[in-house]
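Me: I am new to this one and would like to get to know it step by step. Could you show it to me, and then take my questions?

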Amino acid sequence: MLSAAPALAQWDNVTHKNVPRKADGKPNLSAPAPRGPDGKPDLAGMWWMPNRGPANADIPPKYLNNIAADLNPEEVPLQPWAAELFRKRGAEFSRDFPYTRCLPSGPMISSFPAPWKLIQTPGLVVILYENSTIYRQIFTDGRVRSKDADATFMGYSVGHWEGDTLVVETTGYNDKTWLDFSGHPHTDALKMTERFRRPDFGHLEIQFTFDDPKAYTKPWTVTIHPELFLDGDLLESICTENEKDLHRVVGK
Amino acid sequence: MRSLLVICLFLFVTAAPAQSDFGTITGSVSETAGGPVAGASIQARSVETGVVYKANSVQSGSYTLSQLPPGRYEVTATALGFKRYERKDIVPVQAGQTQRADIPIGDFISLDTLGEDRASFGKLFFNRPKPPEGPVPRTPDGKPDFSGVWNGSLPGGGGGSGPELLPWAEALEKERADHNFKDNPSARCLPFAVTPFNFFLNRVVQSRDLLVTIIEYDIPGYRQIYLDGRGHPKDLIPSWTGHSVGTWEGDTLVIDTIGLNDKTWLGEAAPHTEKLRVTTRLRRLDLGHLEIETTFDDPGAFKKPWTTKGAATLASSTEEIPEFICNENNQDVEHLIGK
C-alpha cells in the first residue's frame, strides 16, 4: 500500500521529447536545467523519490518514514506535548496514520515514492500526485490566501522566485495530517516553506522549513532530492477502492 | 370600412389553421417538500402511435408540451435526484385545447444534510454571473487557450436524460433506481465522471503538451488530456477515468477517452461497459464561453451513441477550486437505504 511500483507495460506509448541525450541515446540527467521563455528555471516534469531500499523490504522509504531522517533527534525541536504525541504514535505502530484511511498526505506529500508531475504556467504552478490522485495549486500571480478561507488538508500555497529558486509558502493547513509515517506532528499554525531548485536536468532539490510554533520551539529544516521520472506517466490510484488494509492495521 | 377591417383581422387571427389541429399538455413539476423542480425531463407517449414528445421544466418548474396530435398520452418524468415519475391515468389531448397535468415528482433521493438549503443548489446553476467579454485567448503557437476557471454546464444538458440503453442495461438501470441509487459508487467516494469536465467548477490548465482539468467535487481531483501526439497505450488497463488524448480540428479540441472500467454510473444510473468511448469536443466561443459537446459511444450498452451539449461560462476572477476530500467525514454511507 505504501509503495508504488510503476507498471511499465502500461506506458509503451510515452516518449519524452526535449530530453537531452548522451552519445549512447540515454537521457543526460546532468545536462543543464532548462529555462522557460521568461528566463526562469523550468521545473516542469515528472519527479519522484525513488525507493532504493531492498526489494520487498516492508519498510516505508526513508523520508516518508521519517522526514527528519537526516537530522539527529535533538535537532527536531518538539514542544513537550508534541514529543509525547510523537512517542505515542510510534508505540502504537502509527496505527492512526491518516493515509491509511485514504486521507490526503498534507505537507509530506513530496516524500511519497509515487511520482508526481509539475506543470509550470504563468501565474500558476500545478502539481499532480499519483498517490491519492490529489493535486496542489501554487499561485505565483501575487494573490494571497483569503483570511476567511477554510483550513484544508493540503493548505494554500503561494510562490515567488528568488533568483533561480522557487519559494513556496503554504499556510492554512488543518491539523489532521502527520509530517511522516513515524508521526512527527504539526498543528494548524504550520507555515511550510519549500525552496525548489533544479541543479541540473535530472535533479530537483526541495528544502523544507517547518515553522509551527504550537508544536515546535523553533523552525527546522530538511532537504530532499527528487529525481526525474522518465518511465511513464501518472497511474490512477483510487485509494478508497477495494480498501482491504484498514481492518488489519494493528496497534494498541 | 373600419369595422370591416377589424372583422377581417379577427377572422385571420382566430383561423390560424395549423394551431387548432393540435393540443397542449402543460403543468408544473414540484417535489414533495413543495418547491419547484427545474430541469426535469417530461415525456408524453402517444398511446395510439407510440411517438414520444419531450419537454423540460423551466426554473419555475412549469413545462409545456405543445403541438401534440389529439389522442391519449402516457406522461412520465425524470429529474436528477428524484425517482422516475409515471402518471397513473392517461392524459387526453384534444385539438385546440390545453390539458393540465401537474407532476408531483416525489422526494429528493439524495441525502440532505441537515440545514442544507436545496433551493440554493438550483440557484448555483441558474444564477451564474455574466462572464467577461472579449476575444478567445491564444497560446504562443496560435491555438485557442482554454485555461481558466469555468462554471460547468448542467448535467446531461441538452441531450435528454441519458442514452437509449440495450435491454440488459435498461433493466439494470431500473433496478438501480428501484434501490434508491444506494449502490452509486460516488456515494462511497469513488470516481463519478467519465468526462474531463464537471458541472460544478473546473479549472483548466493548458500547456503545450498537456491539458489538465482540476475538478471540484470529484475523485480524482484532476484529469490529464495529452496533447503531445501520443496515442492510447496498447495494453491499457481499464481505470475509472480512462486515458484521454486531444487533437486539434481547427479551433476545436477533440478529446478521445477510452480505457474506462465499467464501474461508473452515467447520468443518474445508466450502466456502461469497458467498450465506452467518450469524445469531447471543446470550443472556446469567446473569452467567457466554452462549448462542450460530448458523445458517449458504447455498443455493449447503448442502442446508439448519445450526444449531449453543454456550455460553460468563465467564473469570476476570484473564484478558486476548493479542496474536496470526499471520504473525510462521509456520513451518508450508513444512511443509504434501498432493496
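This is a predicted model: local features need pLDDT of at least 70, side-chain atom pairs count only at pLDDT 80 or more; totals for chains, interfaces and linings use all residues.

Me: Which share of the contacts in chain B with a separation of 6 or more comes from residues 24 or more positions apart?
Reply: Chain B has four helices and 18 strands, and 32% of its 339 residues are buried. Among its contacts with a separation of 6 or more, the share from residues 24 or more positions apart is 63%.

Me: And what is that share for chain A?
Reply: Chain A holds two helices and 10 strands, following the pattern β-α-α-β-β-β-β-β-β-β-β-β along the sequence. Of its 252 residues, 36% count as buried. For contacts with a separation of 6 or more in chain A, residues 24 or more positions apart account for 62%.

Me: In which element of chain A is the confidence highest?
Reply: The mean pLDDT of chain A is 87, with 87% of its residues at 70 or more. Residues 1-9 of chain A stay under 50. Among the elements of chain A, helix 1 (residues 62-65) is lowest at a mean of 88, while the highest, at 98, is strand 6 (residues 165-171) of chain A.

Me: Which element gives the most to the side of chain A that touches chain B?
Reply: The contact takes 26 residues from chain A and 29 residues from chain B. Two elements of chain A give two or more residues to its side: strand 2 (116-121) and strand 3 (124-129). The one that gives the most, with three residues, is strand 3 of chain A.

Me: How many residues of that side of chain A are nonpolar?
Reply: The residues on the side of chain A that touches chain B include six polar and four charged ones. The nonpolar ones number 16.

Me: Which element gives the most to the largest nonpolar core?
Reply: That core has 71 residues, and those touching the most other members include Trp47(A), Tyr135(A) and Val212(B). Leaving aside neighbours within four places in sequence, Tyr135(A) is in contact with residues including Val126(A), Leu128(A), Ile214(B) and Tyr222(B). With five residues, the element that gives the most to this core is strand 3 of chain A.

Me: Which strands of chain B close into a barrel, and in what order?
Reply: One pair in chain B is strand 10 (residues 148-151) with strand 11 (residues 201-207), antiparallel over four bridges; here Gly148(B) has Val204(B) as its bridge partner. The barrel's pairing is mixed, and its nine strands follow the order 10-11-12-13-14-15-16-17-18.

Me: Is strand 13 of chain B largely enclosed or open, and why?
Reply: On one side of strand 13, Tyr222(B), Gln224(B) and Tyr226(B) are buried, and on the other Arg223(B) and Ile225(B) are buried too. Because five of the five residues of strand 13 (residues 222-226) of chain B are buried, the rest of the structure leaves this strand largely enclosed.

Me: Which residue stands opposite Ile225(B) in strand 14 of chain B?
Reply: Strand 13 of chain B pairs with strand 12 (residues 210-215) in the antiparallel sense over five bridges, where Val212(B) stands opposite Gln224(B). Strand 13 is also joined to strand 14 (residues 243-249) of chain B by two bridges, and these two strands run parallel. In strand 14, the residue opposite Ile225(B) is Ser244(B).

Notes: Residues are numbered from 1 along each chain as its sequence is written. Chains are lettered from A and ligands numbered from 1 in the order in which they are written. Two residues are in contact if their C-beta atoms, placed from the backbone, lie within 7 Å. Ala, Val, Leu, Ile, Met, Phe, Trp, Tyr, Cys and Pro count as nonpolar, Asp, Glu, Lys and Arg as charged, and the others, Gly among them, as polar. A residue is buried if 20 or more other C-beta atoms lie within 10 Å of its own, exposed if 12 or fewer, and partly exposed in between; C-beta atoms are placed from the backbone. A nonpolar core is a set of buried Ala, Val, Leu, Ile, Met, Phe, Trp, Tyr and Cys residues joined through C-beta atoms within 7 Å. Two strands pair if DSSP finds at least two bridges between them. pLDDT is the predictor's confidence in each residue, from 0 to 100.
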